[in-house]
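Here is a short note to read alongside the model. Keep the sequence and the 3D view open, and check each point as you go.

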Amino acid sequence: MEHKLVDHLFRHHSGKMVSVLTRIFGLQHLEIIEDAVQDTFIKASLYWRKQQPKHPEAWLTKAAKNRVLDIFRTLIAQKNNLPNITQGTDAIAINELFLDAEIEDAQLRMIFTACHPKLDPRDRISFALKTVSGFSIKEIASALLTKDETIKKRLMRARKAIQKSDIQFHIPQGKTLPERLESVMEVLYLIFNEGFHSNNKDQLIRADLCGEALRLCKLLLKHKQTRLPETYALCALMCFHSARLPAKTNVDNEVLDLKQQDRALWHFPLVQLGNTMMYKAVETEDFSCYHYEAAIAAEHLRAKTFEDTNWNKILQWYKALYNLQPMPSHLLTMAVICIQNKDYEQADMYFEQLQPEDLEQRAYLYYAAKADYYAETNNLKSALNQIELAIEHVTNTLEKDYLLKKKVGWLLK
């Protein structure tokens, strides 16, 4: 039980501790700080086997403060440049940095550091999950479908880029803020997407990634400079999608598409929160891609049944999204919408603009959509051929089972 508690607290509080200590000692000492925080949690796991403290979070915060002095002594031995920490006013200032508002400020600084445009895009997600969210290297490797060593290299590359570019541990101001915020939101969006539709072989949903992306997005909304319409739109999108998570699989852990989902399982408090976010998001004339994606998600939630879905409205939003962000995945979705509308000629036009490889590791979605197209147009032979290709290319076990079940259903018709 103690191990589970320590793991839970590590995930939710190590990022806070790393951020505050980085604010005190600077990014140049980030590796020492991360090691120190990890040592604190190892100490906690050993100590709590004998006696669990009444207030675990307070215990960890106090341990982190004590770690400040430990790090200070370590750096003195290395003769590094240090802040002047004494028992007087500087010690009081350090205590104040552990107040809730200051912790949030430090975390926001760390988010902007982790998502800096000068870092390789592949490294930003790994670095954010490690420093801001407290994910272990093994957890990040699992989430991103790569090896532990690859993640270690990405983290090392990110730290070197921070040093080389002399990236500052602050929240950007003025004209630099929009570009930096765009990078931050892109990283949070990708983290959420990996949770909502995981590439992991045995897991379709990674609720921990969805929850972390939503938590960090809410953190952006707490700060005046980052509380912008597009941030509200991203938060709304995450709320709307998160509301549907309980219905994406059944009790047998089988994938359920929108038509099969029990809409009574959708979490409506999250829908309401999303609606609140959306009202604030539309207080602008310039809509971002997050505005359109949130509008699409809201339209699905608005339909009481699958048959009630307003596909024309959804197609309208997708066209606007595609104009802003011309991506192959949007074209494919527009083809799928046209199939739902029985507008097969238009669906075929969208398919003609696509190649399966355009979708990279999601190529199976192209084959699955084409299979539905052929099934709906009474070409069973071609439908079976395409669904075989989808089954061949899909990596997720749950999605493979879903496609196999669909294939059997067509064969039994």
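1. **Surface.** Accessible areas come from the Shrake-Rupley method with a 1.4 Å probe, and for residues only the protein chains shown count as cover. By that method the protein has an accessible surface of about 21400 Å². Carbon and sulfur atoms hold 51% of that surface.

2. **What you are looking at.** This is a predicted model, where local features need pLDDT of at least 70, side-chain atom pairs count only at pLDDT 80 or more, and totals for chains, interfaces and linings use all residues. Residues are numbered from 1 along each chain as its sequence is written, and side-chain values use heavy atoms, with hydrogens and water left out.

3. **Overall make-up.** The protein has 19 helices and 0 strands. Both are DSSP runs, numbered from the N terminus: helices are H or I with at least four residues, strands are E with at least two. Of the 413 residues, 49% count as buried. Buried means under 20% relative accessible area, exposed means over 50%, and partly exposed lies in between (1.4 Å probe, protein chains only).

4. **Contacts along the chain.** Contact means heavy atoms within 4.5 Å. Take the contacts with a separation of 6 or more: residues 24 or more positions apart account for 65% of them.

5. **Two crossing helices.** Two packed helices are described by the angle between their axes and the distance between the axes. Look at helix α6 (residues 121-131) and helix α9 (residues 176-196): their axes come within 10 Å and cross at roughly 80 degrees. Axes here are lines fitted to C-alpha atoms, for helices over the stretch in contact, and angles run from 0 to 180 degrees between N-to-C directions. α6 and α9 are therefore roughly perpendicular to each other. The cut-offs are under 35 degrees for roughly parallel, over 145 for roughly antiparallel, 65 to 115 for roughly perpendicular, and oblique for the rest.

6. **Who makes that contact?** On the α6 side, find R124, I125, A128 and L129. On the α9 side, find S183, V187, L190 and I191. By class, the contact has 6 nonpolar, 1 polar and 1 charged residues. Ala, Val, Leu, Ile, Met, Phe, Trp, Tyr, Cys and Pro count as nonpolar; Asp, Glu, Lys and Arg count as charged; the others, Gly among them, count as polar.

7. **Further along α9.** F192 also lies in helix α9. Is F192 buried or exposed? Its relative accessible area is 3%, so F192 is buried. Beyond its neighbours within four places in sequence, F192 contacts C210, A213, M238, H241 and S242. F192 and M238 are 46 residues apart in sequence, yet their C-alpha atoms are 7.3 Å apart.

8. K201 sits in the loop between α9 and α10 (207-221). K201 is exposed because its relative accessible area is 53%. Its C-alpha atom is 9.9 Å from that of K400, which is 199 residues away along the chain.

9. **A buried pair.** S19 is in helix α1 (residues 2-25), and Q107 is in helix α5 (residues 100-114). S19 has 0% relative accessibility, so S19 counts as buried. Q107 has 2%, so Q107 counts as buried too. Setting aside residues up to four places away in sequence, Q107 touches G15, K16, S19, V132, R215 and L219. With the neighbours within four places left out, S19 contacts A106, Q107, M110 and F169.

10. **Helix α17.** This helix (residues 363-376) has 14 residues and spans 20 Å from first C-alpha to last, close to the expected 20 Å. The expected span is 1.5 Å times one less than the number of residues. α17 is mostly covered, with 10 of its 14 residues buried. Among them are Y364, Y366, Y367, K370, Y373 and Y374. The buried residues pack against α15 (328-340), α16 (344-352), α18 (380-393) and α19 (397-412).

11. **Backbone angles to check.** Which residue with a positive phi follows α17? It is N378, with phi near 60 degrees. E360, in the loop between α16 and α17, is not a glycine but has a positive phi near 50 degrees. E360 is exposed, at 65% relative accessible area. N253, in the loop between α11 (229-243) and α12 (268-281), has a positive phi of about 60 degrees although it is not a glycine. At 44% relative accessibility, N253 is partly exposed.
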